[in-house]
Amino acid sequence: MTLQFLVDLSGPLVMGILLGGLYALIALGLSLVFGVMKLINVAHGDLVILGTYFGFFGMTGEIFGHRLTFLGIDPIVSLVVGMPLLFAIGFAIQKYLLSRAVQISMEAPLIIAFGISLIVQNACQRLWTPYSRGLTTSYALDSFNVGVFNIPLVYLLDFAGALVVMLFLREFLRRTYLGKAISAASQDRGAAQLMGINTGRVYAYAFAIAMATAAIAGVFLGLTFPFTPTSGVSFLIIAFGVIIIGGLGSMLGTFLGGMILGLAQTMGGHVLNELGLPGAATGQYLILYIIVLVVLAVRPQGLFGR
Amino acid sequence: MPEETLLKVSHLDTFYGSLQVLWDISIEIKQGEIVAIIGANGSGKSSLLKTISGVIHPARGSIIFEGKEITTLDPFQIVALGISQVPEGRRIFPDLSVLDNLILGSYNHRARPKKEQNFKMVYELFPILEARNNQLAKTLSGGEQQMLALGRGLMSETKLMLIDEMSLGLAPIVLNEVYKALRKIRERDITILFVEQNVRRSLEEADRAYIMEVGRVVLSGDVVDLREEEEVKKAYFGV
């Protein structure tokens, strides 16, 4: 192995870890909901994109083709409004829609979530057009020069954001009454009720927290990649891959799962490039999915799953 | 001391779907008593506890606790009023620590300010729990898990403790320890209603008992009298 080979590897390595931060950030909310309520929220990706569009609106003031120029707020700053908004939306979705759906049948919540996905996608299309957008802030194209490669600033922000959110969620679940109640309800809902826990309301809070996380993920996604109203689906699939690898309900596991997928993608892409194989751009995603399949086959509960 | 009625269950009919499991059940529990509900599997004893705790709601009848009608309340509301249940099979939270399990017992708003003094009480009754404070609940032995389940119930500032099939899977030595703890719990003015299959032991530990068969109360009274009852002797003691 030549030194050059290792040096060449360092770029994709670092990029993979940082990009993994974004994947983890998107997946954390999904992991919380899936781990606690055993609910497959197929609308999660679209709700993340909704968060992205909130950031977009705050930044450009554009809505229905009109421009409200008195806005122009940095997307991260707009989270001050975006997070409580998505928190409230999430609380209402769980409390009034999904909790009732669960009583109808096992499939009903899935269908409702699918419906929410369609509604959100179409709403975003109407409000902000189907054209590809980006959260093009002043720092969106900045990068650091580290030796032989450049690290985009937003990738560093993605990683930092994921780390902060993951640690916050983990400590919240461990230390607060509500956090412990969420963990307890996910292990034994009936016993949790016998402790005096209002599990219906606890579930609503869990979903609301997941949505607030989605708001953050949405903003960072928009800073990192271009997006359209239908971008949610592809990120939903990646998020599923992350929680499959990391294990359900484990915040740390989801974080590491994101790293692994990010690395799989960038390192895979790098290897394909080095081998001179065509289609490295999409091939890196193929490698990502193959890794997910392997983990499913070998250790279905994931790294940190129960 | 006047014996006030703490819990009054009147003419309860409970169904699982279309299957009736409780038929015209009426029982009364007075403050400070230890009452046993004895019966074989399928006699409806657990269904009765579930109905009192609000896990299922009766089709007919009423449940009155401290003068308040609680028949249609949700389980978390009933816990807040002062009825705790130690469920069948313990159902401790396996992936949480002993400490977290106990903390969750104090979740309701009446219990939270009393958390520290209730911890003291629980650790005094069950010192092994303090020793295993940071262990995951699933690593505890059967007897220790039963103690944890009881401790959790005590953390809720409970006035009436419902205990479902406490003796299942416990060695006699451990069971003795647990019954000893129950007596100490009663000394702290907590009323106990426990459900059991073991007739002999129940009649030793309780003040009064109800005997249930296929969803009905067939016999009731002070344990002293019940032990003399011909039917009980024949059915359960093989005399």
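Two strands are taken to pair if DSSP finds at least two bridges between them. Helices (H or I, at least four residues) and strands (E, at least two) are DSSP runs, numbered from the N terminus. The model is predicted: local features need pLDDT of at least 70 and side-chain atom pairs count only at pLDDT 80 or more, whereas totals for chains, interfaces and linings use all residues. Residues are numbered from 1 along each chain as its sequence is written, and chains are lettered from A and ligands numbered from 1 in the order in which they are written.

In chain B, E6(B) and E7(B) pair in the parallel sense over four bridges, and Ile83(B) is placed opposite Leu160(B) of E7(B). These strands belong to an open sheet of six strands, ordered E6-E7-E8-E3-E9-E10, in which the pairing is mixed. From one strand to the next the twist averages 15°; angles run from 0 to 180 degrees between N-to-C directions, and axes are lines fitted to C-alpha atoms, for helices over the stretch in contact. Helix H1 (residues 45-53) of chain B packs on this sheet, where it touches strand E3 (34-38), E6, E7, strand E8 (191-196) and strand E9 (208-213) of chain B, and its direction makes about 145° with that of E7(B). Here and below, two residues are in contact if their C-beta atoms, placed from the backbone, lie within 7 Å.

A further open sheet of chain B has four strands in the order E2-E1-E4-E5, with antiparallel pairing. Its edges are E2 and strand E5 (68-69) of chain B, each with a single partner strand, so one side of each is left without a neighbour in the sheet. Strand E1 (residues 5-16) and strand E2 (residues 19-30) of chain B pair in the antiparallel sense over eight bridges, and Leu12(B) has Ile25(B) of E2(B) as its bridge partner. E1(B) and E2(B) form a hairpin with two residues between them, and Gly17(B) in the turn has a positive phi of about 65°. E1(B) also pairs with strand E4 (residues 60-65) of chain B, in the antiparallel sense over five bridges; Leu7(B) stands opposite Phe65(B) in E4(B). H1(B) packs on this sheet as well, touching E1, E2 and E4 of chain B, and its direction makes about 70° with that of E2(B).

Most residues other than glycine have a negative phi. Arg90(B), although not a glycine, has a positive phi of about 70°. Arg90(B) is located in the loop between strand E6 (83-86) and helix H3 (98-105) of chain B and counts as buried, with 23 C-beta neighbours inside 10 Å. A residue is buried if 20 or more other C-beta atoms lie within 10 Å of its own, exposed if 12 or fewer, and partly exposed in between, with C-beta atoms placed from the backbone. Glu157(B), likewise not a glycine, has a positive phi of about 55°. The loop between helix H6 (142-154) and strand E7 (160-164) of chain B holds Glu157(B), which is buried, with 23 other C-beta atoms within 10 Å.

In chain A, the axes of helix H5 (residues 153-175) and helix H8 (residues 199-224) come within 9 Å and cross at roughly 170°. Residues making the contact include Val154(A) and Tyr155(A) of H5(A) and Ile216(A) and Phe220(A) of H8(A). The contact of H5(A) with H8(A) comprises seven nonpolar, three polar and one charged residue. In this classification Ala, Val, Leu, Ile, Met, Phe, Trp, Tyr, Cys and Pro count as nonpolar, Asp, Glu, Lys and Arg as charged, and the others, Gly among them, as polar. The axes of helix H1 (residues 3-37) of chain A and H8(A) come within 8 Å and cross at roughly 165°, and these helices are therefore roughly antiparallel to each other. The contact of H1(A) with H8(A) has 19 nonpolar, three polar and no charged residues.

Between the chains, 16 residues of chain A are in contact with 21 residues of chain B. Helix H6 (177-187) and helix H7 (189-194) of chain A each supply at least two residues of the side of chain A that touches chain B, and H6(A) gives the most, with six residues.

Technical notes. Angles under 35 degrees count as roughly parallel, over 145 as roughly antiparallel, 65 to 115 as roughly perpendicular and the rest as oblique.
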